[in-house]
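I set out to record helix packing, the strand order of a sheet, the surroundings of the ligand and some backbone details. The entries follow in the order in which I looked them up.

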Amino acid sequence: MEINGLVERMSDNLVACAVAVVVGVGVVALFALSRAEHVKRMPPLVSRGWPLIGHTLHFIATHSVFELHPFIKHGIRRYGKVFQASLFGKRTIVSADTELTKLIIQGEGKTFRSAWPDSLIRILGQESLIVTSGEEHRHSRALLVAYMGSNRSKLSSFLPHIEAATLEIMSNWKSGSIISFKDEAKHFTFSVLCKIMISLGKKEVAQTHTLFETYDDSILSIPLNFPGTRYNKGLKARSKLVAIIQEIINKRRNQTKCDHENKDLLDYLLSNAQEYSDTKLQDFILTALFAGHSTSAIVLACIVKLLHDTPKALQEIMEEHEKIQKTKTQGEDLDMNDYMKMSFTQNVINETLRLVNLSLGLFKVALEDVELKGHFIPKGCIVFVSQIAVHFDSDVYPNPERFDPSRWKNIKSSPFVPFGGGIRLCPGAELARLEISIFLHYFLTHYRWTIEVENIQMLHTPFPTITKNLPIRVVRRKL
Ligand code: HEM
């Protein structure tokens, strides 16, 4: 009886096991089949490229800003607007499709998150706004957006600093001398940010700028951490900058009364984010300085070069600024009403941002399996969205390689993502526009200028740069 019962139980178990195996195999097979179906819907793979480096060299190859990124152009020609390639050691889905790019940018924080290499995170800091995600990012971002604002009253509080920094830089230009315009533009944007963020004075700005340049330079370097490498120098510069910021934080935490005339970003954080550690404050300030420094300066330098090469646009923008100047008495400050009259200047800025593209594009990682526009993107997959491809779409921007600010007179809305989008939309976009416009006003109305060297080029290396730092001769105009 007992033996019979045992046999019965064993055969029951065997049946149960067999059923479990069949069901398990079925589920795995179904999963594999559906995965295979999904994988079939992944974009085509370009080829594996070179061992280890894949297609990275082609991706980062230097090219003129006047052409669509050659790597993207080649990909589109052979495989269509969405394809897979091997970049920086990872299989990456590349999107040159405007609609897909917009969906991915908008999906930030939900289905995608920015993907940064560890080497860059070390330079920016673990608690940098650019590096953090989720609730931590949302909270820090809300603080920065509230401080920076985009409304007129907030921007108008920055205007006097911008104007003072502009005139200060120009006061060092001897009439008839040659200046390195890109360096001057960088000094200008750095002065403005230092004032707005931590109220640094003129002398302190001059002392810190070289250190900051070393730091800034390392962000785009090969991450080899040996004595003498750019990356190593950048990490050392970071430590020194952090020490300077910490000294200011200590002073502010101990003082009872504000010793500078306007509340700066650090004051704002100390009152509105009292729970923030010193490390978090350091990363916050450093990131804001980094993100707004070279970006606006490069755009400014490219505008000067592009206007020089496009006399019609130069004449139109000159007329706009001379008209504003005529309404002012000598030495009278600009105000927001003047800024609102700079509409052609905004067209020039838009067109430069469209053409020059501060970044080739953005890297994101998929947080879950997603299907977008018929393309399957598996969880963990790296995606590269090309901003250049959006801005060189000839259906939207005819003759995209032509610098034509007037095209913006007729554009009501268009795919335009120089400042990113979604929850990572650049919080400094309006400040950048204001800085560039005010600097241009004084530059165009106070100086006659010529580019002194032939064959200056604007290149992506892969980051945008202007060769020889744009040397120009400036001659003071009689006012
Ligand atoms: C023409 C000038 C500028 C351009 C083209 C530009 C472009 C961008 C882009 C494309 C992003 C989004 C990156 C992403 O999606 O991961 C971004 C983010 C950011 N930008 Fe700008 N930017 C400019 C100026 C500035 C300025 C003046 C500031 C000053 C505070 C600034 C601060 C930031 C910060 C803090 C972020 C990170 C936002 C976040 O992760 O939530 N930018 N910028």
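Entry 1, a helix pair. I looked up helix α9 (residues 202–219) and α12, whose axes come within 11 Å and cross at roughly 85°. Axes here are lines fitted to C-alpha atoms, for helices over the stretch in contact, and angles run from 0 to 180 degrees between N-to-C directions. Helices (H or I, at least four residues) and strands (E, at least two) are DSSP runs, numbered from the N terminus. I note that α9 and α12 are therefore roughly perpendicular to each other; the classes are roughly parallel under 35 degrees, roughly antiparallel over 145, roughly perpendicular from 65 to 115, and oblique for the rest. On the α9 side I list Phe 212, Asp 216 and Ile 219, which meet Leu 289, Phe 290, His 293 and Ser 294 of α12. Contact requires C-beta atoms, placed from the backbone, to lie within 7 Å. I sorted the residues of this contact of α9 with α12 into four nonpolar, two polar and one charged. In this scheme Ala, Val, Leu, Ile, Met, Phe, Trp, Tyr, Cys and Pro count as nonpolar, Asp, Glu, Lys and Arg as charged, and the others, Gly among them, as polar.

I am reading a predicted model, in which local features need pLDDT of at least 70, side-chain atom pairs count only at pLDDT 80 or more, and totals for chains, interfaces and linings use all residues. Residues are numbered from 1 along each chain as its sequence is written.

I found that the axes of helix α7 (residues 152–171) and helix α17 (residues 429–446) come within 9 Å and cross at roughly 40°. That angle makes α7 oblique to α17. The contact includes Leu 155, Phe 158 and Ile 162 of α7, and Leu 431, Leu 434 and Phe 439 of α17. By class I have 11 nonpolar, two polar and three charged residues for the contact of α7 with α17.

Which residues come nearest to the ligand? Of the 23 residues around it, they are Ala 291, Gly 292, Gly 420, Cys 426 and Gly 428, a residue being near if its C-beta atom, placed from the backbone, lies within 6 Å. Two or more residues of the shell come from each of α6 (134–148), α12 (278–309) and α17. I note that α12 gives the most, with seven residues. The shell divides into 14 nonpolar, seven polar and two charged residues.

Entry 5, the sheet. I read an open sheet of five strands in the order β2-β3-β9-β6-β4, with mixed pairing; strands pair if DSSP finds at least two bridges between them. Its edge strands, each pairing on one side only, are β2 (82–87) and β4. The twist averages 35° from one strand to the next. Strand β4 (residues 112–114) pairs with strand β6 (residues 361–366) in the antiparallel sense over three bridges, and Arg 113 stands opposite Val 365 in β6. I count five bridges between β6 and strand β9 (residues 382–386), which run antiparallel. Leu 362 has Val 385 in β9 as its bridge partner, and Gly 361 stands opposite Ser 386 in β9.

Most residues other than glycine have a negative phi, and most peptide bonds are trans. I found a cis peptide bond between Thr 461 and Pro 462, with omega about 5°. Asn 455 has a positive phi of about 60° although it is not a glycine.

How values were computed
Two residues are in contact if their C-beta atoms, placed from the backbone, lie within 7 Å.
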